[in-house]
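Q: I am new to this one. Can you show me how to read its features, one at a time?

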Amino acid sequence: MNKFLSLGVLALAATFQAAAQDLQPLPLVLPPPAMKGTPPMIPTDTTALPLNDKPRPPFLAPKGASNVSLGKPVSASDTNLISGDLQQITDGHKQADQENVVTLRKGLRWVQIDLQGEYKLYAILIWHDFTTPIVFRDVIVQVSDDPEFKTGVTTLFNNDQKNSAGLGLGSDREYFENSLTGAGKLIDAKGTRARYVRCYSKGSTADALNTYIEVEAWGLPAS
Amino acid sequence: MNRWFLATLALLAGIGLALRVPGLRLRPMHNDEGVNAMKFRALWVNNNYKYDPNEFHGPTLPYMTLPSAWASGTHDFNQFTETTFRIVPVVFGTGLILLLLILAPDFGKMESLWAGAIIAVSPAMVFYSRYYIHEMLLVFFTALGFFSLWRWVNTNRWGWALTAGIGLGLMAATKETFVFAVAALVFAIGSSAVWSRWREPGASRLKWQGRATHTVLLAATALAIAVLFFTSFFTNKQGLLDAVRTYGPWLRRAGGETVHAHPWPFYFQRLFWFHSAGGPVWSEAFVGVLAAVGFLVALFGTLRPLLRLIAFYTFWLTLIYTVVAYKTPWCLLGFYHGMILLAGVGAASVLRACKKVGLRTAAGLALAIGVAQLGWQAWRGNFGLTQSGVPYCASPKNPYVYSQTSPDILRLLGIVDALAHVSPDGYNTIVEVISPQSYGPLPWYLRRFNKIGYWDQIPDQPLVPIMIVSADLHAALDERPGKTHLMAGYFQLRPNVFMELYVSTALWAEYVKTLPPEPD
């Protein structure tokens, strides 16, 4: 009951705020929670906030913002995948089922989405494999108008606090792949203009592999 | 007292030392140990130790630590280690074995040796002999005072009156719960008298031989010792009044106004059958069974007033501690010492009851195996590792571990120390520790930092380079505008108590430069 009340209050507040700024909550479609039965051991060696099942507050973006990455081409640092197909990362299937999981090899790896046009991006959502509550290491999200990411790179998120990826010291926290809510990780893109989205990771608390289920980029055409 | 007896007792003391001395730094400092170490700091560095009637117990612990500090080879408090402090209870815990020399003439040599063997290897006795708190000192001074009292009553020598006075004075100056031991002794004297009149109506009674002058000597010595310590050697007159005032707050805690209120079987579960999920079984039931035999022998066997007194004293002290709601596991030491003495009686009685040599040998062997398994448990409890690699001395799977500082916090301290090394300000780098709960033993571990502040809420002021904040406060300092700080990790201080480490990004960047490259 309290949960619904809180959600109601949050939605009401978001509506008022949105009306004032011509914003509206992003119409995100979340996959169902994944974790059933006895939860596994929760990793503790992390900067992530404790796992919880509270719903994420609505994220406001200008009216009309949509998932502009749906069905767009995906490339990766690692073409020799362990499982899955890169196109699954933007296919809209977000359930934590094994057939939806794309697995890249160990080490620092990235996947990149070509939005096939410049967009004003407001949010990036990432679902690694969230079957169990694990924490991916060195998660870095960058956007650029350069497919090589040599120029015009904006880092939206970086929790590589030891700069092991060599992309600069990250000051963001790690986070749990939230199998209790299936909410994915939402990164505020702050209206950054870009055509390409690149997501890095370097294994997880579970193993050294890098997995993805879905990546979404929410925005509006820059023009 | 023959050489054989003395040599065996010395051997037992040696075994006791062998289990107590190694690896005194293995277990992270408990909150109370850290507090006690910092109380000693007030004495050592500023020479202004003052007895606090609300907390921290009596003055003997810091003063008894002085010899260890003197012997440490340094005058710098920051150079002291856990060993500097924990060696103090080691000495008193081992000394408890040697105190049997006082009792042996009336208690019996065989009884003394079995009791000494159990004290040497008992998991509880060993574990808390390596614990820088007051309890082992209290047990030692209680034994010194009461054993000497017995000898004085029986020998009428002024030396024993003097020693008894010293023991009683030190008891009073060690921990407020000394009153339980005194009450138990008074009840025991009364109970023994009543029991003996009922059991042996015609038997000759123990006669009081103490002279009035000796009584005055005993009382004056006890009082003088207590006054010396409570007044911090005449530098704190208030200490005398505080020594009485202290019973206000402690009585409230004893009544249950405390987070340490536990049901009555608390001590017995820890002593005689303790099994937490995934851990081994711990049990000192061997001592419990022998103590029960000793108790019955003392009450129903041939009249031996000392044994009867110990039996009733143990009974009353156990009852008092069981009834009092405030329970921490080390408080069991007082009555458990009585049980061990009774176990010595039990062991000796069993052997004497075995008239045939073969039977006696078998019984002796069984008893030796029982003592050995206690020693094995003591070794495991202090030096063994759980299946997940956590030392049992810091694991809740050990019955004597209570609200123990997690080894995880040493990771945090390692990072904080490394940050000081890369900071241009070194140990003058400003550190804030913020927690609404007790943050001990962090003051001990962070003692080298010269500019450190402790808060119970996040202060309304600019962030400082290093901030250790209770996770309960949901500080989110890394989310503040400007993102001047990052959150470098959660660290467990105690069970269910987590701290977050926030570091300025500039300082963190310097620290990261010192790290070895991560493998791909």
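Q: In what order do the five strands of the open sheet in chain B run?
A: Strands here are DSSP runs of E, at least two residues long, while helices are runs of H or I, at least four long, all numbered from the N terminus. Two strands pair if DSSP finds at least two bridges between them. In this predicted model, the order is β2-β1-β3-β5-β4 (chain B), and the pairing is mixed. β2 (452–455) and β4 (485–494) of chain B stand at the edges; each has a single partner strand, so one side of each lacks a neighbour in the sheet. From one strand to the next, the twist averages 15°.

Q: What should I know about the numbering and the confidence limits?
A: Residues count from 1 along each chain as its sequence is written, and chains are lettered from A, ligands numbered from 1, in the order written. As the model is predicted, local features need pLDDT of at least 70 and side-chain atom pairs count only at pLDDT 80 or more, while totals for chains, interfaces and linings use all residues.

Q: How many bridges join β4(B) and β5 of chain B?
A: Eight, in the antiparallel sense; β5 covers residues 497–504. One residue pair to find is Y490(B) with its bridge partner E500(B) in β5(B).

Q: Which helix packs on the sheet, touching β3, β4 and β5 of chain B?
A: Contact means that C-beta atoms, placed from the backbone, lie within 7 Å. Axes are lines fitted to C-alpha atoms, for helices over the stretch in contact, and angles run from 0 to 180 degrees between N-to-C directions. Helix α19 (residues 408–422) of chain B touches those strands, and its direction makes about 140° with that of β4(B). Helix α21 (residues 505–513) of chain B lies across β4 and β5 of chain B, at about 90° to β5(B).

Q: Where does N496(B) lie, and is N496(B) buried or exposed?
A: A residue is buried if 20 or more other C-beta atoms lie within 10 Å of its own, exposed if 12 or fewer, and partly exposed in between; the C-beta atoms are placed from the backbone. N496(B) sits in the loop between β4 and β5 of chain B. N496(B) counts as exposed, with 8 C-beta neighbours inside 10 Å. Its phi is positive, near 65°, though the residue is not glycine.

Q: Which residues of helix α5 of chain B are buried?
A: In α5 (residues 100–107), they are L100(B), I102(B), L103(B), A104(B) and F107(B). Their cover includes α1 (3–20), α4 (82–98) and α16 (305–323) of chain B. Just after α5(B), G108(B) has a positive phi of about 110°.

Q: How are two packed helices described?
A: By the angle between their axes and the distance between the axes. Helices α2 (residues 31–45) and α3 (residues 60–71) of chain B pack at about 75°, with axes 9 Å apart. That makes α2(B) roughly perpendicular to α3(B); the cut-offs are under 35 degrees for roughly parallel, over 145 for roughly antiparallel, 65 to 115 for roughly perpendicular, and oblique for the rest. Among the residues in contact are F40(B) and W44(B) of α2(B) and L61(B) and P62(B) of α3(B).

Q: Which peptide bond is cis?
A: The bond from G440(B) to P441(B), with omega near 5°. P441(B) lies in the loop between β1 (431–434) and α20 (442–445) of chain B.

How values were computed. Contact = placed C-beta atoms within 7 Å.
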